[in-house]
Amino acid sequence: MSSTGGETSKMNSFVKKVKMGKRVEKMMKDKSGTTTGQEIADDDPNKTPEPYTCTGIFEADFTEFCRRNHLKDNEIPAVVIRPKPPGIQPPPDAKSKDSKDSKDASKDPTPDESPDTGSQEDPPPKTYVTKEKYAYFRPVIQVEMENDEKPITVTEIYIRGWKIDLLMVGIFKQCWPTIEKLSVVNLWNVNLSEAVIKEFASFLPQCPNLKTLAIDGTICVEESWALLIGEESLLTSLSLRNNGITDKGAAMIGKALSTVKTCNKNLISLNLSGNKISDIGATSIAQGLRMNRALLSLSLANNNVSNEGAKRLAEVLSRFPLTHEEVVERRKLLSEKGSPDRGLVKSPPPSRRGDNRPGSVRSSSHMDKTDKKRDKSSKKKDGKKDKDDATKGGSKKDDKWKKGFMKASIAGGSRTSVVPPTSQPISNASIVADTMTKTKGKKTSSKDKRLPESDSPEMVEAINPLLEQVENMDNQLWIPGNRCMINLNLSRNNITEIGMKSLLLAVQYQITLLNLTPSPALKGILRMSLNGNAVKKTDETFMKLQEVLLTRDPYYKPPEKGEDNQSLAG
């Protein structure tokens, strides 16, 4: 009996141990289930992450946004510093080298045991960089910084040879506006779509210092490049080289430059070289230059422009008649501004002149006041006389320019369209001239020396081209053309002698107009590139145009008389 009782007790203890083991396993399973559930919940892609605040460091912000958009680490483009060509090291100074050798000789009494100097020389700089296999084809973003040790000072971004889709442009939309010093973005062969260009156009104005944009070697089927230079655009330089732009894209760009009611006032340089623009596209761009007075440089090099396109561009540069829509808009502007005749003569307030007496006639009360003050000193009388003479002289001058500007009239009316000269702000050159006249006869130090009047900048008020002086010919209103553009590149096109004649007449007209009404801000074309066209370099018109443009070049220096005499004597 005792043996059977011991066996049963052992069996019961074994059963208890088995039950306890099962309980422990069950508890471990429950714990592991909860931990895996937490891990799954943490890795849930549908969970909204915490908002991220950009730091202004492009590399950190870009990497974080890529991870938040579920890009793997090997799929995130690396942000690297743009490689630069090796600089030329200055030659060592001979004196410093001799002094260094003497010091070394004084320290080391055994110069024969010194190592070879050739082994201490730096290796020659390399013009190439070796990379791992296939690393060259991985997409990277190259940046330039003001200080390589401070990643917050990114100034330029370069992207080469990989497609920018909506996901990537959305990341750029969050990163780029926070880069304070970003001023240049250069994209090459990035295969943009119309939706991506729209996204670029929506957030580029939010970048405070971004002024230069280059998108070269990129084909867009819709050719919606005009979205980048809308009215809200802050870009001053845009390059669209080798993008396959046809007349369709040129027409949209021309409308973006200006229409009768809208105008881009920030773009200064536009490069459209290496595209497929013909005479139709050149005419559209010329149409956009009619009301645009901000663009200074235009390049249509290496396109399909021929004589007709050259004629349209020459017409815009010289003078052109207003269309019906432009005449209507001109009359609206004049009615909103008020009659120019009223603007020419400013009437004093009614409190000073209650009757209809002209301003030059004095009242009786004024004469009585002058009679009472006759007993004063002669100096005050002389001062009064000088003031009266100055006011009379000013009225005569006003009459002169009034008569001159009243000559231009609108068809069917006598209203002039010229803004009076007094409405323009005072220029820095006039201020310098006044100070020089006031300080005549006084000793001036080197600090008081000023620049000559021709070198000082002049502030000129921007005037709507529709409000400029008009000329009535053949029942049409003609206005002066675009004299703000200073550089035009038409090289490597199909322009013949006929187109060259039109361009020559346009440049000659600008020179004549500049001589009649000189203006420091409206110099006209100063440089025009025409090489590589369908005309011989020995052509008379081409050679004459080159001679005229040579004197217009701001860097041109005419030969001195002494050099001419020496050449004739030789």
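**Stop 1: a threonine in a loop**

Select T218: leaving out residues up to four places away in sequence, T218 touches W188, N189, V190, N191, L192, W225, N242 and N243, where contact means heavy atoms within 4.5 Å. This is a predicted model, in which local features need pLDDT of at least 70 and side-chain atom pairs count only at pLDDT 80 or more, while totals for chains, interfaces and linings use all residues. Residues are numbered from 1 along each chain as its sequence is written, and side-chain values use heavy atoms, with hydrogens and water left out.

T218 sits in the loop between strand 5 (212-216) and strand 6 (237-239). Helices (H or I, at least four residues) and strands (E, at least two) are DSSP runs, numbered from the N terminus. T218 counts as buried because its relative accessibility is 1%; buried means under 20% relative accessible area, exposed over 50%, and partly exposed in between (1.4 Å probe, protein chains only).

Now show the polar atoms of the T218 side chain. One lies 3.3 Å from the backbone nitrogen of V190, and the backbone oxygen of D216 lies 3.2 Å from a polar atom of this side chain.

**Stop 2**

Select S278, in the loop between strand 7 (269-271) and helix 8 (279-288). Is S278 buried or exposed? At 19% relative accessibility, S278 counts as buried. Apart from neighbours within four places in sequence, S278 is in contact with D247, N304 and V305.

**Stop 3: two packed helices**

Select helix 9 (residues 307-318) and helix 15: they pack at an angle of about 5°, with their axes 8 Å apart. The axes are lines fitted to C-alpha atoms, for helices over the stretch in contact, and angles run from 0 to 180 degrees between N-to-C directions. Helix 9 and helix 15 are therefore roughly parallel to each other (angles under 35 degrees count as roughly parallel, over 145 as roughly antiparallel, 65 to 115 as roughly perpendicular and the rest as oblique). On the helix 9 side, the residues that meet helix 15 include A310, A314 and L317; their partners in helix 15 include S502, A506 and Y509.

**Stop 4: the two sides of a helix**

Select helix 16 (residues 540-552) and colour its buried residues, T541, F542, L545, V548, L549 and R552. They cover an arc of only 130° around the axis, which puts them on the same side of helix 16; the arc is that of the directions from the helix axis to the C-beta atoms. These buried residues pack against helix 15 (497-516) and strand 13 (527-529). Turn to the face away from the buried side to find the exposed residues E540 and E547.

Note on methods
A polar contact is a pair of N or O atoms within 3.5 Å; within protein, one must be able to donate a hydrogen and the other to accept it, and residues adjacent in sequence count only if both atoms are side-chain atoms.
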